[in-house]
Amino acid sequence: MANKEEILEKLVNGELKLHQIEGNTDSVQEAIEVRREFAEHIAGSSLLHLSQYSLDLTEAMKRNIENPLGTVQIPVGLAGPLHLNGQHAHGVYYVPLATSEGALVASINRGCSVTREAGGANVRIIDDKMTRAPVIQTDSVTEAIKIKEWIERHFIELKEAAESTTRHGRLVKIDPIIVVGRYVYPRFTFTTGDSMGMNMVTIATDKAMDILTRETGAHVLALSGNLCVDKKPSAMNLIEGRGKTVTADILIPREIVEKKLKTTPESIMEVNLAKNLIGSAMAGSMGFNAQYANMIAALFLATGQDAAHVVEGSLGITTAEVKDGDLYFSVTLPDLPLATIGGGTRLETAQDCLNILGVAGSGKVNKFAEIVVGTVLAGELSLMGALAAGHLARAHKDLGRG
């Protein structure tokens, strides 16, 4: 084996590729060090902080990362206690949140305090699905319609083929099947257990497409035709749902709104109407809410979820009404891809945070989903209270600027 200095020189001179380092070093750790020294050469400075970590990158390389050189660290704060009245999450929870945005954990913590004093938030899962939608190219619209009808007639065969690839995935339906000219877009909808399931449904759909290709001669142009819709804002997902579809609500007595949020139910209702509903409609937004992405991102980063799915988790609608003088408040998230096993949840820091929530491992994803929507409600409620009371800028000045 060449020594580190020789390998580094070859990298700098372009004689060696990043992915070839492991084959030229004695260990994974040595390869990581060489790669980091190469990055330091590019940066012209020491990358000391990237090198300080406790993750096992040898294990992470098997499923989570390629060409590793270190890790990025994000501060993790704790909010709570969050009091939930759910079917799967019932009781008190403390929520780890990974963020560098000052005031966010404090805001969520205030929302937790309000929900606790009001007797807890009701949290429920409405639906559960994961989707993959290939695009099939035919010769004409006539042939496209024939393919659509063939898929509808042969659902059982496609289901059996798809489910032969997985112990946990179940094909629930293929709907909608959209024809655009000579292209066909069938949306395969699965349940995936405790896994988020994108890899699972991709492999399963590919197997089903083998059957279709063999029996009809149709050409599968791409295994994803964007009707899935994965990692993009989408009216389809807002309406149909994807991942976990979850909702939470709470009735907060007027005196608690006035004492804890320093405003009134009427003011929060008015701000929600003008900002989250009318303002979002004017902007053409598919997120009729104030800050779902903040809570989703902080929870996803802490617990090893796919961070790109924040774009889906930020979809949803906040409602606020005055009910017999008190504040009725709800959040609904139709598109929340989550996992408690597989993917980034294997990473050691993610396991720590999932353990804080009591949701690590199999059989816990529904509990996790209810905690997530409860956390979103707490953060959303706190921000809406701050906006209605005119405290937003002051909070960010005090906590965001130190």
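Modeller: Helices and strands are taken here as DSSP runs numbered from the N terminus, a helix (H or I) having at least four residues and a strand (E) at least two. The model is predicted, so local features need pLDDT of at least 70 and side-chain atom pairs count only at pLDDT 80 or more, whereas totals for chains, interfaces and linings use all residues. Residues are numbered from 1 along each chain as its sequence is written, and side-chain values use heavy atoms, with hydrogens and water left out.

I begin with strand E3, which spans residues 121-132. Two strands are said to pair if DSSP finds at least two bridges between them. Strand E1 runs alongside E3 in the parallel sense, and three bridges join them; within this pair, Leu84 faces Ala121 of E3. Strand E8 (residues 242-252) pairs with E3 in the antiparallel sense over seven bridges, and there Val123 stands opposite Ala248 of E8. Strand E6 (residues 183-191) is also an antiparallel partner of E3, through three bridges, with Met130 set opposite Phe190 of E6. As background, side chains in a regular strand alternate between the two faces of the sheet.

Next come the loops. Between helix H3 (57-63) and E1 lies the loop that holds Asn67, a residue other than glycine whose phi is positive, near 50 degrees. Asn67 is partly exposed, at 30% relative accessible area; buried means under 20%, exposed over 50% and partly exposed in between, with a 1.4 Å probe and protein chains only. Lys231, in the loop between strand E7 (219-222) and helix H8 (235-240), likewise is not glycine and has a positive phi, near 65 degrees. Its relative accessible area of 34% makes Lys231 partly exposed. Ser100 sits in the loop between strand E2 (90-98) and helix H4 (104-117) and is exposed, with a relative accessible area of 69%. Although Ser100 and Ile74 are 26 residues apart in sequence, their C-alpha atoms are 6.6 Å apart in space.

The helix contact remains. Two packed helices are described by the angle between their axes and the distance between the axes. Axes are lines fitted to C-alpha atoms, for helices over the stretch in contact, and angles run from 0 to 180 degrees between N-to-C directions. The axes of helix H5 (residues 141-153) and helix H7 (residues 198-216) come within 12 Å of each other and cross at roughly 125 degrees. H5 is therefore oblique to H7, given that angles under 35 degrees count as roughly parallel, over 145 as roughly antiparallel, 65 to 115 as roughly perpendicular and the rest as oblique. On the H5 side, Ile147, Trp150 and Ile151 meet Ile211, Leu212, Glu215 and Thr216 of H7, contact being heavy atoms within 4.5 Å.
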